[in-house]
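User: Hi! Could you walk me through this one with me? I have a few quick questions.
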Amino acid sequence: MSKPSRVALVTGGTVGIGAAISESLLGAGYRVAANYARNVEAACMFEARTGIATFAWDVSDLQACARGVTRVQTALGPVEVLVNNAGVTRDALLHKMTVAQWREVIDVDLGGCFNMCRSVIEGMRERHYGRIINVSSVNALAGQAGQTNYAAAKAGMIGFTKSLALESAAFNITVNAIAPGYTDTAMVAAVRPDLLAQILKTVPCGRLARPAEIARGVLFLAADDAGFISGTTLSINGGKYLS
Ligand code: CAA
C-alpha cells in the first residue's frame, strides 16, 4: 500500500513566492494548507484556482499560530512540512525608521518563524519526522540600504535555523533556510523603479527570479530523501551575492 501524502503548511502561502511554493508542493503530491493574514480576496481567488485549503491567522501572534496549526491538523492531519514564508517589508533608512516599522518587521518575519516553529515542533519530535524551511533573503546575507529591520529579521532566521537544526537532528527533523534574491512579486514591484533598475544591474542573471524558481529549492529541501541536509542556507539569487 502506498504511503499517504505528507501534509505541508505554507505561511503567507496564497500570494507571491508563498503561492508558488504551495502550488509546487501540491503538484508534487503533498496535502497543502496555505496560511494568509489579511488579504481575503487573494486567498479566495487562490483557493478557487488551486483547490488548496486556505487558513487565516496572524503569524506574529503565538496563540493564533497554535490555534491555526490545530485547525490545519484537524482538516488535513499532522503538519510534517512547515514553510515559514510570511513576511513584510517596511523599508526606511535607519535615521528615519520608526519603532513601529522596526517592530512590525521583526514581529512578523522573525517572530512569525518562532511562533510557527514553536507550534509544530513538539508534534514533529513526537512523530520523529519533520521538514522546516525558513524563507530568508539575499538581503540577510548581503545587506540592503533601507532594510536594517528586514535584513536583521531575515539574518535572525538563519541563526534560528542553524540552532533549531542542531536541536532537531536526532529527531529526523531537518531545518533549513533559503535566501531568495529579488523575485517577481508585489513586494519587489513596490520598490521605486529607479532603485530596482540599479539593483537589477547587480544581478548576474540580469532579471528577477520567477516565484517558481524559488519554490524549486523549497521542494528540494522538503523531500523525504533530503534528510541529511540540515542547518544550511540555500541561495537562489541569480548569482547576486557572488558579485
Ligand atoms: N546607500 C547609501 N545611501 C543611500 C542609498 C544606498 N543604497 N540609497 C539612498 N541613500 C541615501 C541617498 O543618497 C539620500 O541621501 P541624501 O538625502 O543625503 O541625498 C538618502 O539616502 C535618501 O534617499 P531616498 O530619496 O531614496 O530616500 P527615501 O527615504 O525616499 O527612500 C528607501 C528610502 C525607501 C529605503 C528607498 O531607498 C528604497 O526603497 N530602497 C530599496 C530598498 C529595497 O531594496 N527593498 C527591497 C524590497 S523587496 C525585498 O525585500 C524582498 C527580498 O528579500 C529581496
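User: Which residues does N176 touch, not counting those up to four places away in sequence?
Analyst: N176 touches I132, I133, N134, T161, L221, I229, S230, G231 and T232, where contact means heavy atoms within 4.5 Å. This is a predicted model, in which local features need pLDDT of at least 70 and side-chain atom pairs count only at pLDDT 80 or more, while totals for chains, interfaces and linings use all residues. Residues are numbered from 1 along each chain as its sequence is written, and side-chain values use heavy atoms, with hydrogens and water left out.

User: Is N176 buried or exposed?
Analyst: N176 counts as buried because its relative accessibility is 0%. Buried means under 20% relative accessible area, exposed over 50%, and partly exposed in between (1.4 Å probe, protein chains only).

User: And what does the side chain of N176 reach?
Analyst: The backbone nitrogen of G231, at 3.1 Å. N176 itself sits in strand β6, residues 173-180.

User: Switching to the ligand: which residues come nearest?
Analyst: D91, S137, Q147, Y150 and Y182, out of 18 residues around the ligand. Being around it means having a heavy atom within 4 Å of it.

User: How many of the shell residues are nonpolar, polar and charged?
Analyst: The shell has 9 nonpolar, 6 polar and 3 charged residues.

User: How much of the ligand's accessible area does the protein cover?
Analyst: 57% of the 1100 Å² that the ligand has on its own, by the Shrake-Rupley method with a 1.4 Å probe. The elements that give two or more residues to the shell are α7 (186-189) and α8 (193-200).

User: Which element has the lowest mean pLDDT?
Analyst: That is α7, at 94, while strand β4 (residues 81-84) has the highest, at 99. The protein averages 96, and 98% of the residues score at least 70; pLDDT is the predictor's confidence in each residue, from 0 to 100.

User: Last topic: what is the phi of H128?
Analyst: It is positive, about 55 degrees, although H128 is not a glycine. H128 is in the loop between α4 (99-127) and β5 (130-135), and counts as partly exposed because its relative accessibility is 43%.

User: And where does N172 lie?
Analyst: N172 lies in the loop between α6 (148-168) and β6. N172 has a positive phi of about 60 degrees although it is not a glycine.

Note on methods
Helix = DSSP H or I, 4+ residues; strand = E, 2+ residues; numbered from the N terminus. Polar contact = N/O pair within 3.5 Å; in protein donor to acceptor, adjacent residues only side chain to side chain. Nonpolar A, V, L, I, M, F, W, Y, C, P; charged D, E, K, R; others polar.
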